[in-house]
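Trainee: I would like to learn how to read a structure like this one. Please take the features one at a time.

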Amino acid sequence: MPDLTFEARDARAVPFCMSPTLGLVLRVTDADGGAIEAVALDCQVRIDAQRRRYSAAEKERLVEMFGPPERWAQTLRSLLWTHASVSVPPFRDETEVELQVPCTADFNELAGKFFAGLDENAQAVPVSLLFSGSIFYRDEQGLLQVTRVPWSAEATYDLPVAAWREVVTTYYPNTAWLTLRQDVFDRLYAFRTRHGLPSWEAALERLLAEAQEEARP
């Protein structure tokens with residue numbers, strides 16, 4: 001009977017995908033040493049926000065997510081990042097595969113908002129990988145068998161913040177995402193059109209300049 005364990009060993013940006021993608025290198029080990037034909041592996045990825053320390057600046061930027069710092073003992077909890085899956089090819093003993101994890105630069109998404117709130121020199125974010133899926137293997141008679149990945153199968157990993165930022169800058173260099181309510185977008189679009197401005201940046205810069213002028217004594 002297969003006895004699989006999982007270990008995350010590296011993280012890197014995956015280029016040329018349809019959307020920003022982080023590749024987590026997983027080492028899959030079978031203590032039983034039998035012939036594994038395939039593993040249809042599913043993974044729930046969680047950010048263990050409670051397992052790291054935060055600077056005063058980070059606490060200020062993350063107050064929208066967790067509330068005031070004096071309440072963090074109650075509000076700082078593990079966050080569901082995403083679900084991902086990968087097909088593990090045939091192997092004996094151990095193998096490595098790349099689990100492709102979708103990322104986002106949208107500040108309205110929890111993961112995007114969380115990573116955007118970290119300091120420039122932040123080193124790592126603890127994540128948990130909770131596995132499930134199906135294992136296809138050969139028994140002693142060579143017959144194909146199927147069993148489930150146990151619900152206890154999991155791994156932890158200190159994800160380098162630099163890896164996340166590499167993903168975002170690879171797909172959206174010098175860009176930040178902002179989602180607007182439809183009526184606000186319509187007003188901004190009308191302002192841009194009315195003034196003949198060539199881009200959204202130009203429209204926002206014009207509005208900010210006007211607001212600064214009005215704020216002057």
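Trainee: Which strand order does the open sheet of three strands have?

Mentor: Strands are DSSP runs of E with at least two residues, helices are runs of H or I with at least four, and both are numbered from the N terminus. Two strands pair if DSSP finds at least two bridges between them. Here the order is β1-β2-β6, with antiparallel pairing. The edge strands, β1 (4–13) and β6 (94–102), each pair on one side only. From one strand to the next the twist averages 25°, where axes are lines fitted to C-alpha atoms (for helices over the stretch in contact) and angles run from 0 to 180 degrees between N-to-C directions.

This is a predicted model, in which local features need pLDDT of at least 70 and side-chain atom pairs count only at pLDDT 80 or more, while totals for chains, interfaces and linings use all residues. Residues are numbered from 1 along each chain as its sequence is written, and side-chain values use heavy atoms, with hydrogens and water left out.

Trainee: How many bridges join β2 to β6?

Mentor: Nine bridges join β2 (residues 21–30) to β6, and the two run antiparallel.

Trainee: Is C43 buried or exposed?

Mentor: Buried means under 20% relative accessible area, exposed means over 50%, and partly exposed lies in between, using a 1.4 Å probe and protein chains only. C43 counts as buried, because its relative accessibility is 3%. C17, at 25%, is partly exposed. E60, in helix α1 (residues 56–61), counts as exposed at 64%. Over the 217 residues of the protein, 40% count as buried.

Trainee: What does C43 touch?

Mentor: Contact means heavy atoms within 4.5 Å. C43 sits in strand β3 (residues 35–47). Leaving out residues up to four places away in sequence, C43 touches T82, H83, A84, L99, L129, L130 and F131.

Trainee: Which residues have the most contacts inside the largest nonpolar core?

Mentor: A nonpolar core is a set of buried Ala, Val, Leu, Ile, Met, Phe, Trp, Tyr and Cys residues joined through side-chain atoms within 4.5 Å. The largest one has 55 residues, and W81, F114, F131 and L159 have the most contacts inside it. A second, separate core of five residues includes L188, F191, A202 and A203. Beyond four places in sequence, F114 touches I47, A49, R52, Y54, L62, M65, F66, L79 and V125.

Trainee: What radius of gyration does the protein have?

Mentor: The radius of gyration is taken over C-alpha atoms, and the globule rule is 2.2 Å times the number of residues to the power 0.38. A compact globule of 217 residues would come near 17 Å, but the protein has 23 Å. Along the principal axes, its C-alpha atoms fill a box of roughly 85 × 40 × 30 Å. As one example of spacing, E60 and R92 are 32 residues apart in sequence and 49 Å apart in space, C-alpha to C-alpha.
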